[in-house]
Amino acid sequence: MEAEVPDFKLALLTLLAGNLVSTRYILTHRLACYSGIFGPVLSLKIISVSAGLRLGLTGLMILVLGLAL
């Protein structure tokens, strides 16, 4: 049997989609750490901006790669 190797774009698209699914890390780990350092209000602002940028850019890359396929 021959195993098919996925092309680079498909592999990258799969990794980016997995990155979107694994957003639980943002809330469970970063919130506790940032709250201890910056306080609850500022930590939520920092995490919101960070998560928004991360998810937005990842979504944009998935869209661009999806259209390129």
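Colleague: How many aromatic pairs does a search of the whole structure find?

Modeller: Some conventions come before the reply. This is a predicted model, in which local features need pLDDT of at least 70 and side-chain atom pairs count only at pLDDT 80 or more, while totals for chains, interfaces and linings use all residues. Residues are numbered from 1 along each chain as its sequence is written, and side-chain values use heavy atoms, with hydrogens and water left out. A pair of aromatic rings is described by the distance of the centres and the angle of the planes. Rings of Phe, Tyr and Trp (its six-membered ring) pair if their centres lie within 6.5 Å; planes under 30 degrees apart count as stacked, over 60 as edge-to-face and the rest as tilted. The search of the whole structure finds 1 aromatic pair. In that pair, the ring centres of Y34 and F38 are 6.0 Å apart and the planes stand at 85 degrees, so the pair is edge-to-face.

Colleague: Where do Y34 and F38 lie?

Modeller: Helices (H or I, at least four residues) are DSSP runs, numbered from the N terminus. Both Y34 and F38 belong to helix α2, 4 residues apart, which is about one turn of the helix.

Colleague: What span does helix α2 reach, and at which residue does α2 bend?

Modeller: The expected span of a helix is 1.5 Å times one less than its number of residues. Helix α2 (residues 24-38) has 15 residues and reaches 20 Å from its first C-alpha to its last, close to the expected 21 Å. A bend at a residue is the angle between axes fitted to the seven residues ending there and the seven starting there. In α2 this bend is about 40 degrees at R30. Just after α2, G39 takes a positive phi of about 95 degrees.

Colleague: At what angle do helices α1 and α3 pack?

Modeller: Axes are lines fitted to C-alpha atoms, for helices over the stretch in contact, and angles run from 0 to 180 degrees between N-to-C directions. Angles under 35 degrees count as roughly parallel, over 145 as roughly antiparallel, 65 to 115 as roughly perpendicular and the rest as oblique. Helix α1 (residues 8-21) and helix α3 (residues 40-68) pack at about 150 degrees, with axes 10 Å apart. The two helices α1 and α3 are therefore roughly antiparallel.

Colleague: How do α2 and α3 cross?

Modeller: Their axes come within 8 Å and cross at roughly 140 degrees. That makes α2 oblique to α3.
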